[in-house]
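Open your viewer and get ready to select a few parts of the structure one after another. At each stop, you will hear what to click on and what is there.

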Amino acid sequence: MNNGKGNNKRGTSSGKPSFGPKKAKPSGGSSFKKDDKKGGFSKPKPSFDRKPKAPKAPKTPGNPDEIRLNKYISNSGVCSRRDADIYIQSGNVKVNGEVITEMGYKVKLNDVVNFDGTVITPEKKEYILLNKPKGFTTAGDGDVNTSNVLDLVRNATRARLQAVGRMDKTTTGLLLFTNDTDMVRKFTIPNQRSSKVYQISLDKNLKYEDLEKVAGGLTIENHRAFVEEISYIEEQPKSEIGLKMKTSNVKVVRSIFEHLGYDVLKVDRVVFAGLTKKNLPRGNWRFLTEQEIINLKNI
């Protein structure tokens, strides 16, 4: 059995193990044998005259407005550089309408690059979730005391982000930011399929008959407001309401109750397309995980 110690491979001619006390050599003897054929020092290697290396030519600085096509594609987030090379060689990439198959081809940032039938941008897609506090809005409303929500996520990335949906300065809760225009469009079109949950505080208790009216759907300014679910919040006054609907425009949420004669004191979005405020304090933001991004794209 090997207990972790090295095995002694040197044995005796009789086949007996070599462990045990060794016999002492006579005094005055040397423990090293003299090799008469080899000297004590190695012979010096012959020297050769080497030609000095030619100095390297200084690198020509590249054009900062140009980027390799495969990197352009990779930065857009659609695939890796290696996969981009395969697409380029296969003739699936166009620059300004012309098919490009040349490896190392450089494009300018204002060129139009079509990748496998879709126009792409060199910016990597970023997705950030914010738990919005009061006092910030998604658009300037002329109030000098109101800041834009982009100020809260400005240091998160260099990408040109935009908010998904609208929020006024008094609304709080989950707000998604991204530079993915397809994602923005997906969650702001009228017939979208993602659900949002809002917690609403009213100035007075919501009558049960009004709750039923909201559940059945209201027509407000010739627009039908469809609600998936509405209920009183457990162990809270009847002025605290939970509302589930697909719109990401909080103005629609407010108009539902204002249409029935209630003043909306607070709107807090607690769920956005499956995303929650778990471990995300008010005023904080975080990047979405890869799985969360996949889930949003599959909605």
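Start by selecting strand E12 (residues 196–202) together with strand E16 (240–245): the two run antiparallel and are joined by six bridges. Strands pair if DSSP finds at least two bridges between them, and the strands themselves (E, at least two residues) and helices (H or I, at least four) are DSSP runs numbered from the N terminus. Click on Tyr-198 and look across to Leu-243, its bridge partner in E16.

A word on what is on screen: this is a predicted model, in which local features need pLDDT of at least 70, side-chain atom pairs count only at pLDDT 80 or more, and totals for chains, interfaces and linings use all residues. Residues are numbered from 1 along each chain as its sequence is written, and side-chain values use heavy atoms, with hydrogens and water left out.

(Buried means under 20% relative accessible area, exposed over 50%, and partly exposed in between, with a 1.4 Å probe and protein chains only.)

Next, select helix H5 (residues 208–216). Which of its residues are buried? They are Asp-210, Leu-211 and Val-214. Look down the axis of H5: these buried residues fall within an arc of 105°, taken from the directions from the helix axis to the C-beta atoms, so they line one face of the helix. An α-helix has 3.6 residues a turn, so residues three or four places apart point the same way. Tyr-208 and Gly-216, on the other side of H5, are exposed. Just after H5, find Gly-217, with its positive phi of about 100°.

Last stop: the largest pocket, with about 770 Å³ of space. Select His-223, Arg-224, Thr-247, Asn-249 and Val-252, which lie nearest its centre among 23 lining residues. Strand E14 (223–225) and H6 are the elements that give two or more residues to this lining, and H6 supplies the largest share, four residues.

Methods:
Contact means heavy atoms within 4.5 Å. On a 1 Å grid over the protein atoms alone, a cavity is a set of points where a 1.4 Å probe fits but cannot get out, and a pocket is an open set with protein on both sides within 12 Å along at least five of seven lines; lining residues have an atom within 4 Å of a point. Grid points are joined across faces, edges and corners, and a volume is the space filled by probe spheres set on the points.
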